[in-house]
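Visitor: Hi, could we go through this one together? I'd like to chat about the fold and then the RNA.
Guide: Happy to, here it is.

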Amino acid sequence: MTNENQTNATLQDENEQGEFRQNQVVAERREKLKKLRGQGIAFPNDFDRTHMAGDLQLLHGDEDKDALEARNIEIAVAGRMMLKRVMGKASFATVQDMSGRIQFFISQEGVGAETYEAFKHWDMGDIIAARGMLFKTNKGELSLRCQELRLLTKSLRPLPEKFHGLTDQEQKYRQRYLDLIMNAETRKTFVVRSRVVQAIRAFLTGRGYLEVETPMMHPIPGGASARPFVTHHNALDMDIFLRIAPELYLKRLVVGGFEKVFEINRNFRNEGLSTRHNPEFTMIEFYEAYRDYKYLMDLTEEMFREVTTSVLGHAVVQYQGHTINLAEPFDRLTITQAIRKYHPGQYTDEQLHDRPFLLETLRRMNAAHHPTDGVGGLQLSLFEETTESLLIQPTFIIDYPAETSPLARRNDRDPSITDRFELFVVGRELANGFSELNDAEDQAERFMEQVRQKEAGDAEAMHYDADYIRALEYGLPPTAGEGIGIDRLIMLLTDSPSIRDVILFPQMRRED
RNA sequence: GGGUUGUUAGCUCAGCUGGUAGAGCAGCGGACUCUUAAUCCGUCGGUCGACAGUUCGAAUCUGUCACAACCCA
């Protein structure tokens, strides 16, 4: 099996190599590289860049042509050649670096006949560098009048067509580097992603939170209901699981006295792929002692408002044709209130608490549900079937049934529900938070119930984690904790229709 | 898992009811010292996703498969 795979892989590589060599454009470029090698150092690494294109545009983009010329600003800029306009003895090249683009003006009298002649044969996609004076062309475009021009890295493969760019979704995901070269929108998405994560960090650390890292490899998968990835540790000869959530470890830290902790990291769930699901995805989980789920809802609103405003400059975002207002307080509804609000007149409160009615309704709708569930579980199924997708504006759904919330604290007035919420925006779950269950004996019973469900065939039911119970037995202070799906949040803030648009290298099937 | 659409040159795409495979960009050669997807002239480049079938003849019709995007579960 292994041997066969290796043989196939090798053949595949050779095949790919063969095709690669045969391609005429690539062959031309390899020939050019060969000449470069013959002329000396083909991949120089001694160019000192002094300026970034985007900074120059910001600083001098609006400056007067003559005034700029008089200032004699010498700059050294490098980047990828994206456009090239060759004329007789003077040419223009558009060069792109991480910050933006700037135009090079290359003339025979500026760089010399020899370099100019060489430049004519450089290709789009090559990494080039120049030193010279900043000026504005007659048309008013900020440019670099090259006195020194160098080819730093020869590009062997041609870039996508310069006007249409790279549009094929699959190629954008598989060859993200090309997507990043070609599409400013893609670059922007991932810059926003980075800034959002930074802003969340700043928000929490500014409130005294400690950022921590807990294991990605778990002896017992826990903290969520999901199927894990399994692997094996050879030296210990034990199966281990990629984590499905960090929750149980973070709460152990609260037991340890780290009363405000958060972790931003990957979770892994062995489930289907969709526009909303990638097998590895990023979550932030945060826990704060001596707080409850209501405090978390307030904190979440504040965080969303502050992060969005600091990154985008405003808290009203457009998402796939919807206008989402993150500035106003979010709606807060119980499951049954939400069903009734979004289906006015359709159900009475009595009906929504009538188990046979709920069962019959779900059956008629052909909706996914567990027929053995109690009223709470059935209400939740009805909510998911009929109402979830209608929650466009940010909405907290509260009072989740205890039977589907094995880690959440029971409500004081009604022990069948928990002090828990989920946050929905554009019909998607973005966050999940609750007052933590800190009663070790209740937690032990709930784990036992999960084990019974697992034995009854529910692959997503939780395991009994004895060490976690032991930790709770030392005493977890009253604590509130929450998880936010970072990828889905970024989707919302970058108007991205698919989770793959916000993950640099999304999971794909193998190419061969 | 089901449905819809797609797969043609390095890239973006045409190609009608079957009759010798097309354009633009990129490449190569030439002209051009202020261009902006530069322009102009010339030129190279294809196992039409794979396999099978129908046919005198298939990029085109049929079937199977592979992969992808979107929708649904």
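**A walk through the model**

Guide: Helices (H or I, at least four residues) and strands (E, at least two) are DSSP runs, numbered from the N terminus. This is a predicted model, where local features need pLDDT of at least 70 and side-chain atom pairs count only at pLDDT 80 or more, while totals for chains, interfaces and linings use all residues. Residues are numbered from 1 along each chain as its sequence is written, chains are lettered from A and ligands numbered from 1 in the order in which they are written, and side-chain values use heavy atoms, with hydrogens and water left out.

Visitor: How many bridges does E8 make with E9?
Guide: There are 4, in the antiparallel sense; two strands pair if DSSP finds at least two bridges between them. Val230 has Phe241 as its bridge partner in E9.

Visitor: And which residue of E9 is the bridge partner of His218?
Guide: That is Phe241. Strand E7 (residues 217–218) pairs with E9 over 2 bridges, in the antiparallel sense.

Visitor: Back to Asp237: buried or exposed?
Guide: Asp237 is exposed, with a relative accessible area of 56%. The cut-offs are under 20% relative accessible area for buried and over 50% for exposed, with partly exposed in between (1.4 Å probe, protein chains only).

Visitor: What about Tyr290, where does it lie?
Guide: Tyr290 is in the loop between E11 and H11. Its phi is positive, about 65 degrees, although Tyr290 is not a glycine. Tyr290 counts as exposed, at 54% relative accessibility.

Visitor: Okay, new topic. How many residues of strand E10 are buried?
Guide: In E10 (residues 260–268), 7 of the 9 residues are buried, so this strand is largely enclosed by the rest of the structure.

Visitor: Which strands does E10 pair with?
Guide: Strand E6 (residues 210–211) runs parallel to E10, joined by 2 bridges, and Glu211 has Phe262 as its bridge partner there. E10 also pairs with strand E11 (residues 280–289) in the antiparallel sense, over 9 bridges.

Visitor: Which residues touch the most other members of the largest nonpolar core?
Guide: Those are Val196, Ile200, Leu204, Ile284, Phe286 and Leu492, out of 45 residues. Helix H11 (residues 293–312) gives the largest share of this core, 8 residues. Such a core is a set of buried Ala, Val, Leu, Ile, Met, Phe, Trp, Tyr and Cys residues joined through side-chain atoms within 4.5 Å.

Visitor: What is Ile200 in contact with?
Guide: Leaving aside neighbours within four places in sequence, Ile200 is in contact (heavy atoms within 4.5 Å) with Ile264, Ile284, Met303, Val307, Ile486 and Leu489. There is also a second, separate core of 24 residues, which includes Leu68, Met81, Ala130 and Leu134.

Visitor: How many residues of helix H18 are buried?
Guide: In H18 (residues 486–494), 9 of the 9 residues are buried, so the helix is largely enclosed by the rest of the structure. The buried residues include Asp487 and Arg488. Just after H18, Asp495 takes a positive phi of about 55 degrees.

Visitor: Which part of the RNA does Lys32 meet?
Guide: A phosphate oxygen of RNA strand B, 2.4 Å from an N or O atom in the Lys32 side chain.

Visitor: And what about the bases?
Guide: A polar backbone atom of Asn138 is 3.0 Å from a base oxygen of RNA strand B. Glu141 has a polar side-chain atom 2.7 Å from a base nitrogen of RNA strand B.

Definitions and conventions: Polar contact = N/O pair within 3.5 Å; in protein donor to acceptor, adjacent residues only side chain to side chain.
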